[in-house]
Amino acid sequence: MIHVLIYSRHGCHLCEVAENTAKELQSEYSYQLSVESIDGDPEVEKEFGEKVPVIMINGQPHDYWRVDRARFIAAVSN
């Protein structure tokens with residue numbers, strides 16, 4: 001099973017768009033989806049703070065700032 005994790009921040013408009021896109025596509029493609037806020041996690045904030053939303057697929061960074069829909073579908077449909 002493919003796992004998609006979105007690192008997000010409170011009040012982040014791009015994060016909301018990424019989450020909505022991932023939720024929308026989840027009905028067509030089979031993957032687990034979770035969203036984690038990086039607010040208050042100094043280690044993750046240091047690594048990804050300026051890049052949110054960060055879309056991780058199976059533990060690997062896939063996209064930053066926006067979901068590239070075609071690339072995302074290619075990754076979750078394998």
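Serine 8 sits in strand β1. Keep in mind that this is a predicted model.

Is serine 8 buried or exposed? Its relative accessibility is 6%. The cut-off for buried is under 20%, so serine 8 counts as buried.

Now its surroundings. Across in β2, serine 8 stands opposite serine 37. Its side chain also makes a polar contact with the side chain of glutamate 19, at 3.3 Å. Leave out residues up to four places away in sequence, and serine 8 touches Cys15, Glu19, Val35, Glu36, Ser37, Ile38 and Asp39.

Next, the strand itself. β1 covers residues 2-8. It pairs with β2 in the parallel sense, over seven bridges. Another position on this pairing is leucine 5, whose bridge partner in β2 is serine 34.

Zoom out to the sheet. What is the strand order? It reads β2-β1-β3-β4. The sheet is open, has four strands, and its pairing is mixed. From one strand to the next, the twist averages 25 degrees.

Then the helix. α1 runs over residues 13-26 and packs on the sheet.

β1, α1 and β2 together form a β-α-β unit, and its hand is right-handed. Back to where we started: serine 8 belongs to β1, and its side chain has that polar contact with glutamate 19.

Methods. Residues numbered from 1 in each chain as written. Predicted model: local features only at pLDDT ≥ 70, side-chain atom pairs only at ≥ 80, totals over all residues. Heavy atoms only, no water. Pairing = 2+ DSSP bridges. Helix = DSSP H or I, 4+ residues; strand = E, 2+ residues; numbered from the N terminus. Axes fitted to C-alpha atoms, helices over the stretch in contact; angles between N-to-C directions. Contact = heavy atoms within 4.5 Å. Right-handed = clockwise from strand over helix to strand, strands pointing away. Buried < 20%, exposed > 50% of the residue type's maximum accessible area, 1.4 Å probe, protein only. Polar contact = N/O pair within 3.5 Å; in protein donor to acceptor, adjacent residues only side chain to side chain.
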